[in-house]
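Could you write up the strand pairings and the helix packing of this model for me?

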Amino acid sequence: MSRLSVAVIGAGMGGLASAAALTRAGIDVTVYEQAQRFTRLGAGIQIGCNAMKVMRAWDLEPVLRREAFYPRSWNNKEYDTGAVRFDMVFGPVAEERYDAPYLLGHRGDLHAALASAVPDHLIRLDHKLTAIEQRADRSVALTFANGHTTTVDAVVAADGVHSFVKERLFGRDEPNFTGRIAYRTVFPAALLNGYPIDDCTKWWGPDRHIVIYYVKPDRSEVYFVTSQPEPGFTVESWSATGDVSELRKAFDGFHPQVRHVLEACPSVHKWALVDRDPLPRWSDGNITLLGDACHPMTPYMAQGAAMAIEDAAVLSRCLKGVDRDGVAEAFRRFEATRKPRTSRVQSSSRTNTWLKNPTDPDWVYGYDAWTAPLAEPALA
């Protein structure tokens, strides 16, 4: 039997994780990314124990431990008094409980680690997909803006919340704008001038919050992200510049630690928070969606990237040893296995109550995508 050929569309977290998993399952993979180069966007990311268990199989744990911060806890406090609502202890306690660490890092460092798990020659930059066609023999033909064409046995679309492939398969749907916006930035901790801050705290206000944490093991970089109401703003771009003075005013009544961090930050980005309902279907024949393309979620549980990384591991298990004629069934098995979990995380994240009060997080962090039972595939 010839090796299965798979095109992965998108080289974000989900796309690179898919390539890492699929190549190790004996599958020929090529990743197509529309950007001309990778950039280190200024954003933090929480790398949950569940995601770390996946990446450990690709030997990425040592590099992530070197690059990321190992927090004592994710503390949840009242916005003004600093009274503790719930202290979710991580560190060695969580590592022993969930058999993996919980890390806080820079998105660029996580992306670089995932990229290192995929041979360079498998990643094609400057390839924007413009056409996709499923043929009678189950092969899939792809056309790119630069004129390149190819035909593969299967396609995994990890092309994000504005997925081109999703629109071609299932039509266009508009996002649900939540009426809320987020500010975020990473900046040197030296700008705090020695002022001490917590490892990782979410400060809960009546209608807004801010999460602040370190993203480097030497505490040299600080990250924060907010959520607050602003119904008229509908720009989804992560690179739109925000007004620091407006941000400071929005959190004027918060704890002195929060105000000090906001006074120290030199610049911020701003974007609208959107949500989408779970899709009825993820796949059509030998094409499937993965990650944000099929289950985008609000950032309130810090599980968006983790869900895509879990997807990649489960997908590789479903496709291993399959030929072109078995891909459609494997994709249905993948969806049947993953959809209950991703839908639950989507709906839980939407409420923005995760860890606000004493919470049992075992169902999130205890999950292991390498050993979770595979479901029976849905009927075609």
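Predicted model: local features only at pLDDT ≥ 70, side-chain atom pairs only at ≥ 80, totals over all residues.

**The three-stranded sheet**

Let us begin with an open sheet of three strands, in the order β8-β9-β10 and with antiparallel pairing. Its edges are formed by β8 (129-134) and β10 (149-152), each of which pairs on one side only. On average, neighbouring strands of this sheet are turned by 20° against each other, with direction ignored.

**Strand β15 and its partners**

Strand β15 covers residues 221-229 and is mostly covered, with eight of its nine residues buried. Strand β12 (residues 176-188) pairs with β15 in the antiparallel sense, and here I181 stands opposite Q228 of β15. Strand β14 (residues 209-214) is also an antiparallel partner of β15, and in this pairing Y214 stands opposite V222 of β15. β14 and β15 form a hairpin with six residues between them. In the turn of this hairpin, R219 has a positive phi of about 60°.

| Strand pair | Sense | Bridges |
|---|---|---|
| β8 and β9 (residues 140-144) | antiparallel | five bridges |
| β12 and β15 | antiparallel | seven bridges |
| β14 and β15 | antiparallel | six bridges |

**The α1 and α9 helix pair**

Two packed helices are described by the angle between their axes and the distance between the axes. What are these values for helix α1 and helix α9? Helix α1 (residues 13-24) packs with helix α9 (residues 304-319) at an angle of about 30°, and their axes are 8 Å apart. Angles under 35 degrees count as roughly parallel, and α1 and α9 are therefore roughly parallel to each other. The crossing in which α1 passes α9 is right-handed.

Which residues meet where α1 and α9 touch? On the α1 side they are M13, G14, A17, S18, A21 and L22. On the α9 side they are A305, A308, I309, A312, A313, L315, S316 and L319. By class, the residues of this contact divide into eleven nonpolar, three polar and no charged.

Key:
Residues numbered from 1 in each chain as written. Heavy atoms only, no water. Pairing = 2+ DSSP bridges. Helix = DSSP H or I, 4+ residues; strand = E, 2+ residues; numbered from the N terminus. Axes fitted to C-alpha atoms, helices over the stretch in contact; angles between N-to-C directions. Parallel < 35°, antiparallel > 145°, perpendicular 65-115°, else oblique. Left-handed = near helix turned anticlockwise from the far one by under 90°. Contact = heavy atoms within 4.5 Å. Nonpolar A, V, L, I, M, F, W, Y, C, P; charged D, E, K, R; others polar. Buried < 20%, exposed > 50% of the residue type's maximum accessible area, 1.4 Å probe, protein only.
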